[in-house]
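Have the picture open while you read.

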Amino acid sequence: MEASGLVERAPQLAALAAALDAVTAGNGGVLVLLGGEAGGGKTALVREFCRHQGPVLWGACDPLFTPRPLGPFTDIAQDSGGALHELIAAGAKPHQVAAEIARQAKGIMVLEDLHWADEATLDVLSLLGRRIGALPMLVIATYRDDELGRTHPLRRLLGEVRGSVRRLTAEPLSADAVAGLARPYGLDPHELHRATAGNPFFVTEVLAARGDDIPATIRDAVLARAARLDEAATSVVEAVSIAVPQCELHLLDALVDETAARGVERALAAGIIEVAPGGGVRFRHELARRTIEESLSPHRRRALHRTALATIPAGDATRLAHHAEAAGDAEAVQRFAPRAAEQAAAIGAHREAAAHYARALRFGNGLPPETRADLLERQSQECYLTDQTDESITALEHAIAVRRQAGDRRGEAAALSLLTRRLWCGARTEEATRRGDEAVRILEGLPPGRELALAYSNLSQLSLNDERRDETVAWARRAIDLAEALDDTGVIVHALNNIGTIELLAGERTGLDKLERSLALADRPGFEEHVGRAFIHVGWAMTRTRAYDLAGWLDRGIELCDELGLEGWRLYVQAYRARFHLDQGRWDAAADDAGFVLRSAESVPLLRILALTTIGTIRARRGDPDQWAPIEEARTLLKGQQELQYRAPVALAHAEALWLEGRNDAVDAATRDVREQAADRHAGPVVAELTRLRRLAGVDRASEPPAWDPTGCPYDEALTLTDSASEEDLRRALDGFQRLGARPAAAIATRRLRELGVRNLPRGPRPDTASNPGRLTRREGEVLTLVRQGDSNAEIAARLFLSEKTVHHHVSAILRKLGVSSRTQAISEASRRGIAT
């Protein structure tokens, strides 16, 4: 046992000390991400470290049904006061909170339990993480890694943060450590370790119960420990169990009578609860709190929540909505849940807002039709902004049914028009068109209003998605004319975007002017969707036309979408950035972006198609194994879709992979229909790319080479030269392919040179790379050796005198070549293949 009293935590304490030393030495800030399973001792570890330091800013996320926005930063602001407190009290946005924290940055900040974080909190941490290297601050963030699913918002942040970031894990205790802890209690150490799997909290709770036998479950341990309390202390513990994140003293006074209040000291002495920062009390462990709350009788639990509901100040809508639901008070839920949703949405916490609206609707059976429909439409919008497409569609369909039954034809048609956007995102394009036409038919039979203008613009958007220029412009002009008469900026912004995008897709820079005007008009509250849409469409048109002088829009768009809580929009921009990196020859960066999209995209097929085709193309160009899996998945997602933006990426990836494998006879069928559609839609760049692949495969060799300027895209430059009979051109192509690591294309260029009688060609990969079972380079082998030793990227960079970014790219290459997705899998796969390092 370490001198601190913690067991098997010396390495983590040393790592935290080293991080603080780096900050103190003036080397910039450090973000430490401390993961571990529930009850893994993360809090105890951080407290022990901070016990020896100066003042520490400390905040925690709450286990509410719906998290309170900016929870940990609200805690910190309440403790520190000043400008940060004023900002958060005024409803500041995440980027404003991050900027103020950066301005005040110094010392240590602890953010606990990020697995419960709301989106606004994660946005602030993401923004701080990008700048941490320039801030004189150590930020320690803890989270439960066993509660992060594939699409958990925190999972996305963990995969994205780079730079001055160090990752630590609070591992379970070993059998020897558990034996040492159990010895004074006379318990069977082997059985204790088996029952607890070394979880420090579980071990602590079992030992604290001091039972003669090891409890079968941790629930039994917690309840056995609580059962030792007297009646007054038990009343306190039960009351505190329903209060999250803590039980303020005035709330505790309301929850228990004066006699029971005297049990606080005994409950504190028993270690079940503790004094909370800023006053009040709370449970030491959330698992213990949940165990106690769930053990309450339904009558007592509801009574306690009702008392809390009557005691907590009216301004705390999030907590009040939580207690109202638990108390079964429908009227209170209706009063506080929509307010909590509005507060969450106002600061970009759209996922939390959607959950609050869902809560209101669960208690909304007796609501008037207008109110219920409004809540459903608001829930649909918040789900739409957070890539919950199916839920968004369902909510809006229910709203349509409610309005139809109430005879609200205008409201029904307006909701039908909005449904077109949701249906399109869900790849239900034909149904989207039917619904859009239906909305216009209804509204044209009523006095003209904003709803009709928006319906026109939505039909323009559907035409844009299908790249039908005349219809896009015609519907947009009708929308703008009516919107200008009504002075409706929102419709004007939407319709301008449609016209600008269709022009930019055709390579006309006048379209960019319209998109910039649309974006400028959207700079106001409630127009967040239009902001994200502008960046998506620039990304689409830019990658279609290779107008990479506009690449600055990509990083800017991702940053803004993050700040505004636009999850789905951000993923689109990142998918287009992946394509940009691919075209520019930065294949590792492209794979990183595309992989992030695949891990994050929940319900939008086009997003997955864009990411899958990028990854499949990279693998095909490198000659990696399993290149066909992502391409075939993309082809499966394509079924039933007729729009060119769906079909073109799949056709290009599929045809190129076929050509690189020498399956030239299949290229014609893979490209013919899509090239005809691209020609019909006047999509010249798509026609040119498909025509080039067809010529390379021996199809249409008699036709003229396509007009094509691949400048700035190294693989495309080499590929264009491959369609030549010139030795000089083919040598330049071979050199380009070899520099990129494009082995299959290099082999084709080599074969064509040899057919011309050329000998003494430059060799491909180094012999040590070619002979390596995983085709790892010498440097990649060195990196893998250090990965096996458990070194972080920062440690590897220091040992090999490389930058962390370079090490990151080497690790990505190792994972890609071995066909795995994690370091642990890489170590296992390298051993299986017999890769010596």
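This is a predicted model: local features need pLDDT of at least 70, side-chain atom pairs count only at pLDDT 80 or more; totals for chains, interfaces and linings use all residues.

Residues are numbered from 1 along each chain as its sequence is written, and side-chain values use heavy atoms, with hydrogens and water left out.

Start with helix α6 (residues 119-131) and helix α30 (residues 552-564): their axes come within 9 Å and cross at roughly 145°. Helices here are DSSP runs (H or I, at least four residues), numbered from the N terminus. The axes are lines fitted to C-alpha atoms over the stretch in contact, with angles from 0 to 180 degrees between N-to-C directions. On the α6 side, D123, L127 and R130 meet E559, D562 and E563 of α30; contact means heavy atoms within 4.5 Å. Those residues split into one nonpolar, no polar and five charged, with Asp, Glu, Lys and Arg counting as charged, Ala, Val, Leu, Ile, Met, Phe, Trp, Tyr, Cys and Pro as nonpolar, and the others, Gly among them, as polar.

Now for the rings. Ring pairs tie W587, Y715 and F737 into a cluster; rings of Phe, Tyr and Trp (its six-membered ring) pair if their centres lie within 6.5 Å. Both W587 and Y715 are buried, meaning under 20% relative accessible area with a 1.4 Å probe, protein chains only.

| Charge | Ring | Distance to ring centre |
|---|---|---|
| R422 | Y384 | 4.3 Å |
| R524 | F527 | 5.3 Å |

Terms used: Helices (H or I, at least four residues) and strands (E, at least two) are DSSP runs, numbered from the N terminus. Buried means under 20% relative accessible area, exposed over 50%, partly exposed in between (1.4 Å probe, protein chains only). Rings of Phe, Tyr and Trp (its six-membered ring) pair if their centres lie within 6.5 Å; planes under 30 degrees apart count as stacked, over 60 as edge-to-face and the rest as tilted. A charge sits over a ring if NZ of Lys or CZ of Arg is within 6 Å of the ring centre and within 35 degrees of the ring normal.
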